[in-house]
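Got the viewer up and a cartoon on screen?

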Amino acid sequence: MATSTPSTPASPRLLVLISGNGSNLQALISATTSTPPTLPAHIIHVISNKKAAFGLTRAANANIPTTYHNLVPYKKQHADIASARQAYDAELVRLILEQKPDMVVCAGWMHIFSEAALQPLVEAGVGIINLHPALPGQFDGADAIERAYKAFQRGEIGGTGIMIHWVICEVDRGEPIVVREVEMVAGEELAELEERIHRVEHVEIVNGTRMALKRLMREREAAGRT
Ligand code: GRF
């Protein structure tokens, strides 16, 4: 694994949201710290909603500051889940904006962004993208790989894929930035399919982030907001 210094602080600032293993975060860390970087950007901070997420260890190993932000305390403090989520999201937005990122990358982040959480990011000109292990319009939401696998077993689909897309309120429905098809193989175990999909993700999360950053910077330049 490459361990050289990150891109210069003047390079775009990425904040990565994770919930688990963080293998996609690792792909981003490797791409931003290789010589030369294949992703000219700087991961400034990682936020996880799970304490045990291995991605937190990956971030610490790369000297990236982290924050643990979990919904449970908010559920205990609020009478209903809607107000708990509202307060949780407000704090999430505050945590994100205080890091002054150019872009937020959801890399295996298992919470949905509410309108109230997205709006302040949009207003601050912060781009937000998500990795989803399915093709656009198919298997939105959790357990997408397993649902695609079962659909293939039933003969309903011939293949699946992954995408990186801009985040909007509708889950996994934002405009795609990168779409890659992944063929399905008869007789393959679910774990093997997952493994193949993750390998594709690790390449495309880097490509998708690079493309999204380019567009964000172009738009900012056009709007006179550099
Ligand atoms: C990835 O398959 C991603 O598409 C999905 O969750 C998984 C996260 O993997 N939403 P990791 O934490 O990056 O290893």
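Select S23, N24, L25, Q26, A27, L28, I29, A31, T32 and T33: these are the buried residues of helix α1, where buried means under 20% relative accessible area, exposed over 50% and partly exposed in between, with a 1.4 Å probe and protein chains only. Helices (H or I, at least four residues) and strands (E, at least two) are DSSP runs here, numbered from the N terminus. Now show what covers those buried residues: the list includes β1 (13-18), β2, α2 (54-61), β4, β5 and α7, with contact meaning heavy atoms within 4.5 Å.

A word on what you're looking at: this is a predicted model, in which local features need pLDDT of at least 70 and side-chain atom pairs count only at pLDDT 80 or more, while totals for chains, interfaces and linings use all residues. Residues are numbered from 1 along each chain as its sequence is written, and side-chain values use heavy atoms, with hydrogens and water left out.

**The ligand**

Which residues surround the ligand? They are G20, N21, G22, S23, N24, G108, L131, P133, H198 and E201, each with a heavy atom within 4 Å of it.

- G22: a polar backbone atom sits 2.8 Å from a ligand oxygen.
- S23: an N or O atom of the side chain is 2.5 Å from an oxygen of the ligand.
- N24: a polar side-chain atom is 2.8 Å from a ligand oxygen.

On its own the ligand exposes 370 Å², and the protein buries 85% of that; accessible areas come from the Shrake-Rupley method with a 1.4 Å probe, and for residues only the protein chains shown count as cover.

**Out of α1 and into β2**

Next, click on P36 in the loop between α1 and β2. The peptide bond from T35 to P36 is cis, with omega near -10°.

Carry on into strand β2 and pick I47. I47 counts as buried because its relative accessibility is 0%. Leaving out neighbours within four places in sequence, I47 is in contact with L15, V16, L17, I18, T67, H69, L92, L95, I96 and W109.

A polar atom of the S48 side chain lies 2.6 Å from the backbone oxygen of K50. Residues up to four places away aside, S48 touches I18, S19, A53, L56, T67, Y68, H69 and W109.

Move to K100, in the loop between α4 (81-97) and β4. K100 isn't a glycine, but its phi is positive, near 50°. Is K100 buried or exposed? It counts as exposed, because its relative accessibility is 62%.

Then select V104 in strand β4 (residues 103-106). V104 is at 0% relative accessibility, so it counts as buried. Not counting residues up to four places away, V104 touches L15, L17, I96, V126, G127, I128 and I129. V104 and V46 are 58 residues apart in sequence and 9.6 Å apart in space, C-alpha to C-alpha.

**α6, end to end**

Start at D143, in the loop between β5 and α6. D143 is another non-glycine with a positive phi, about 55°, and it counts as exposed because its relative accessibility is 55%.

In helix α6 (residues 144-153), colour the buried residues: A144, I145, A148, Y149, A151 and F152. Look down the axis: these residues fall within an arc of 165°, so they line one face of the helix; the arc is that of the directions from the helix axis to the C-beta atoms. They pack against β5 (127-132), β6 (159-166) and α7 (190-222). After α6 comes G155, with a positive phi near 80°.

**Zoom out**

Finally, show the whole chain: 7 helices and 7 strands. Of its 226 residues, 49% count as buried.

How values were computed. A polar contact is a pair of N or O atoms within 3.5 Å; within protein, one must be able to donate a hydrogen and the other to accept it, and residues adjacent in sequence count only if both atoms are side-chain atoms.
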